[in-house]
Amino acid sequence: MTDTIIPQNREYKDRLFKLIFGRDNEQSKKWRLELYNALNDSHYTDPDALELNTIENVIYLTMKNDISFLIYNQMTLFEQQSTYNPNMPLRGLMYFAQLYQMHLSKTGKTLHRSSLVKIPSPQFIVFYNGIKECPDTVKLRLSDSFENPINNGEFEWTATMININKNHNESLQKKCEPLYNYTQYVSRISENKKNGMPAKQAVNEAVDWAINKNLLNGLFKTQKEEVLGMSLTEFDEEEFKRDMRNEGREEKAIEDATNLLKKNIPVETIAECIGLPLEQVLELQKQITVQA
């Protein structure tokens, strides 16, 4: 009989992000406002000015988001992503449609009127901390998804992806200590695993380290079991290995495609030879152009 293997939960970054910034308590409100101020160079001081309106999948079975809130006539959505996802603008459009519908219903406004209905201005931020190397900031645009390109900007929706991995956006993290502490903990687990620690040991060591450092004002100590629970999970070993192989193949394909693009090989040739969708190769080409 083999021992049960307990891996790192691949969704723990998202769940921890919500634990820190997405709860409706005084500490989370304070951290949420601090993150908002750091992103917008604002200096708001009243945490209660943020009205949490996150869509939970308990109510909307096909729709959920990480953290959304209203503040001074702005509708803000924060999403955490552990994998690079070029479809975030489309997801954001769907999220905001639901958020605005809820807002209109709550405020008693209707679109069946002759006067213009005013709505809160949108802000969509994606916090990225996956293994794919990305610039500090990437503008993901809905128009990139159009089968027939429309470049006049008439139909656009943008997700601003901010890389919060170690050594990225350090000035932002310095302005927001809870975000910096979150990044430190996530990086600690990754470094432990790179050093050969089994997943369970890597997580336990990181939690104990965070407690000793008093990260997040002692949250790791007061909610240690919850953090451990969200960072570890039982799994089917064969399925886990299969997923890792698939992810590894995709990462290798992206790496090969990137190298070929830098050698000015036609995108159609790359897509055919590497086996990636043409749209994905075109997106890689755009990223290389932006970085250059």
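This is a predicted model: local features need pLDDT of at least 70, side-chain atom pairs count only at pLDDT 80 or more; totals for chains, interfaces and linings use all residues.

Reader: Salt bridges then. How many does the count come to?

Author: The count comes to 12 salt bridges.

Reader: Which residues are joined into one network by shared partners?

Author: D24, E26, K29 and D48 are joined by salt bridges that share partners. In one of the pairs, D24 bonds with K29, and the closest N and O atoms are 4.0 Å apart. The side chains of E26 and K29 also meet in a salt bridge, at 3.8 Å from N to O.

Reader: Where do E26 and K29 lie?

Author: Both are in helix α2, which covers residues 26-40. They are 3 residues apart there, about one turn of the helix.

Reader: And is K29 buried or exposed?

Author: K29 counts as buried because its relative accessibility is 14%, and the cut-off for buried is under 20%.

Reader: OK, another pair. Which residue does E205 form a salt bridge with?

Author: That's R188, with the closest N and O atoms 2.7 Å apart. E205 lies in helix α6 (residues 199-212) and R188 in helix α5 (residues 177-194), so this pair ties together parts that are 17 residues apart in sequence.

Reader: How accessible are E205 and R188?

Author: E205 is partly exposed at 23% relative accessibility. R188 is partly exposed too, at 24%.

Reader: Switching to pockets. How much space lies in the second largest pocket?

Author: About 500 Å³. The lining of this second largest pocket takes in 18 residues, and those nearest its centre are D144, S145, F146, E279 and K286.

Reader: Which elements give two or more residues to that lining?

Author: Those are β5 (137-141) and α11 (278-291).

Reader: And which gives the most?

Author: α11 does, with 5 residues in the lining of the second largest pocket.

Reader: What about disulfides, how many does the structure hold?

Author: There are 0 disulfides.

Reader: How does L90 count by accessibility?

Author: L90 counts as partly exposed, since its relative accessibility is 39%; exposed would need over 50%.

Reader: Last one, P86. Where does P86 lie?

Author: P86 sits in the loop between β3 (74-81) and α3. Its relative accessible area is 35%, so P86 is partly exposed.

Reader: And how far is P86 from K139?

Author: In sequence, P86 and K139 are 53 residues apart. In space, the C-alpha to C-alpha distance between P86 and K139 is 9.8 Å.

Definitions and conventions. Residues are numbered from 1 along each chain as its sequence is written. Side-chain values use heavy atoms; hydrogens and water are left out. Buried means under 20% relative accessible area, exposed over 50%, partly exposed in between (1.4 Å probe, protein chains only). A disulfide is a pair of cysteine sulfur atoms within 2.5 Å. On a 1 Å grid over the protein atoms alone, a cavity is a set of points where a 1.4 Å probe fits but cannot get out, and a pocket is an open set with protein on both sides within 12 Å along at least five of seven lines; lining residues have an atom within 4 Å of a point. Grid points are joined across faces, edges and corners, and a volume is the space filled by probe spheres set on the points. Helices (H or I, at least four residues) and strands (E, at least two) are DSSP runs, numbered from the N terminus.
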